[in-house]
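Please look over the structure shown here before reading the briefing on its domains, its chain contact and some of its helices.

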Amino acid sequence: MSNSVILARLHALILLVGAVAVSAVPVACGPAGDAAPASGPRPLRVQLNWFPEPEFGGLYAAALDGGFERRGLDVTLLPGGADVPGPQLLAAGKVDAAIVAGSQLVTLRASGGRIVAVHASFQKAPRAIVVRRESPFSTLEELWASEGAFMVGDGLPYLKWLDRRFGPSPLVRVPYTGSLAPFLADEVVAMQAFATAEPVQLEADGVATRMFLVADTGFDPYDVVLAVREEMLQKEPEVVAKLVEAVSEGWDAYLANPGPVNDRIAELNPDFTPRTLELAVAALPAFVRSETTDEHRIGWMTADRWNTFVDQLIELGEIDASARGRIEGLFVNPVVGSR
Amino acid sequence: MIAARLWRAAWPPIVVVLGALLFWELAVWFFAVPEYLLPSPRRIGRAMIDDRDRLLAASGRTALATGLGFVGSAAIGIVAGSVLSLVPLARRGVYPLALLLQMVPLVAIAPMLVIWFGYGLPSVAASACIVSLFPVVAGTLDGLQSVDPGLQEIFRIHGAGRVRAWWSLGLPWSLPSVFTGLRIAAGLAVIGAIVGEFTGGFGGDAAPLGGVITSALKQNRTPTVFAAITLAAGLGFVLFGIVNGIGWALLRRWHASAR
């Protein structure tokens, strides 16, 4: 065996160990290489960060309507869950694109990961906290000053933001795994939510809730971001641009006619009933559309928004100010036909 | 004398561990593996020092839950194994169900534990107890089932009842296999506690190791994730060592396995 073969194998082994260590989810197939096959559609594996839901409606629409196929892309959408390390899977090359939170993208870049945001389906951050309608709290500030259990994915920066904004909270944080049972059983007084998901699901189950949007407190990042590796953006800008174009077009199609996509989502995620999906889609446009998207397209991002967010993360101590250089260039709005 | 014996037992694993760490460190450096994929041992060590207060408090919480769960599974397991051995009908009826306990995917029932026992210590300790129970039951039962029939006969001839025979003959006879079960249970209890913490542990300032792992993973702080994993493994080692020590103290006078 030649030395280069041994080295290559060693390298593969180390990458494998690293990937296994960071991933809580098995990845079905081998690494998705960047090399396009000589002919045929370009295969792309896209890792979602939650179960199939209307928040990914644009992607499922593009898959269903043939928006990807028409552009020569063979896209596989991989559903996620509470602890899928999407950003790491993407940086490690296990998938070609991933839906990540804006904060994950920035912190990963700050620690040297070369991934770039290319599309943000939510113009207003849908991150929310819900309580029961009959709960005594009428504002987020009141809730934040109260005691009790708060079901939330710990470690995300908006919690620090709220602590800074309203003062450290006596709420006790308990994990959120995607199950609404502890909320329904009144084990917790509040839970994290995605504006177009949990509150809608609860309403369809006959549980009236009150929702507080974190964005309304001044912390409004791009929270549902489609990211790719910088390397792929440089080597195959057309592929990335086509992917983004298809997703934007998919969103337009989904908002105009959600029926077929909702049927598909209900198939993939039986927790959703037609009624829940209907309610969810009705809530979407307020988050997905904005003046920016009217002017450009759904998913378009502005430097202002990203800069504000990076400043906030530095202020919160989530990243070091010295990391600014590495964060630079964290997003692009790819356009087909322009290099 | 004892120091020399300890050293003789300790040096091979120490050399292997140091060698593995050195290889790991060099490999990470040589292949320039990014920190968020696989941090080097030195980087993990630095995370441990930088985050020591939080990690220490987290280890304490996980250790408490693991310890409670393990004591629970040891007590329940030895009693259950004994009852199953004394009552043949129960053995035939219940043992297959005990096996089921081993098959239940803990991750799936962990969220239910929260609803049954509440957040924090109760559900985490219950999780540790449930996964570590079966090896103790199986070890106890196996030991009691394999008591020398000749000795049982002697007890019977001298008019000893079943409970007396269990206490004076069965239990001492089965200690080695009970301790085999307990040693396996020690490692499982830590795993059970961490999984329980993923769904039922507190977060924020009150986070145990499982909580530190999930929150650090979300923030791309892989070195902290590895530091917490190392500490969890360390807990398993300590518990294993305690069980081994007790087993050795109880068995050394008369059993070949402890000589």
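The notes below go from the conventions to the domains, the interface and then single helices and residues.

This is a predicted model, in which local features need pLDDT of at least 70 and side-chain atom pairs count only at pLDDT 80 or more, while totals for chains, interfaces and linings use all residues. Residues are numbered from 1 along each chain as its sequence is written, and chains are lettered from A and ligands numbered from 1 in the order in which they are written.

**Domains of chain A**

- Chain A is divided into domain 1 (37-123 + 222-327) and domain 2 (127-217), with bounds that come from an automatic or database domain assignment.
- The centres of domain 1 and domain 2 of chain A, taken over C-alpha atoms, are separated by 24 Å.
- Where these domains touch, 19 residues of domain 1 of chain A and 18 residues of domain 2 of chain A take part in the contact, two residues being in contact if their C-beta atoms, placed from the backbone, lie within 7 Å.
- On the side of domain 1 of chain A that touches domain 2 of chain A, helix H13 (274-283) and helix H16 (303-315) of chain A each supply at least two residues; helices (H or I, at least four residues) and strands (E, at least two) are DSSP runs, numbered from the N terminus.
- The largest share of that side of domain 1 of chain A, five residues, is contributed by H13(A).

**Contact between the chains**

- In the contact between the chains, 34 residues of chain A meet 30 residues of chain B.
- Among the elements that give two or more residues to the side of chain A that touches chain B are helix H1 (3-22), helix H5 (102-110) and strand S7 (172-174) of chain A, and H1(A) gives the most, with six residues.
- That side of chain A divides into 18 nonpolar, 12 polar and four charged residues.

**Helix H13 of chain A**

- A:Thr276, A:Leu277 and A:Ala280 are buried in H13(A), a residue being buried if 20 or more other C-beta atoms lie within 10 Å of its own, exposed if 12 or fewer, and partly exposed in between, with C-beta atoms placed from the backbone.
- These residues cover an arc of only 95 degrees around the axis, which puts them on the same side of H13(A); the arc is that of the directions from the helix axis to the C-beta atoms.
- The exposed residues A:Pro274 and A:Arg275 lie on the face of H13(A) turned away from its buried side.
- The cover over the buried residues of H13(A) includes helix H9 (198-204) and helix H12 (259-268) of chain A.

**Chain B and B:Ala128**

- Chain B has 10 helices and zero strands, and 41% of its 259 residues count as buried.
- The C-alpha trace of chain B spans about 70 × 55 × 30 Å along its principal axes.
- B:Ala128 has its place in helix H6 (residues 121-145) of chain B and is buried, with 32 other C-beta atoms within 10 Å.
- Not counting residues up to four places away in sequence, B:Ala128 touches residues including B:Ala65, B:Gly69, B:Phe70 and B:Gly192.

Definitions and conventions: Nonpolar A, V, L, I, M, F, W, Y, C, P; charged D, E, K, R; others polar.
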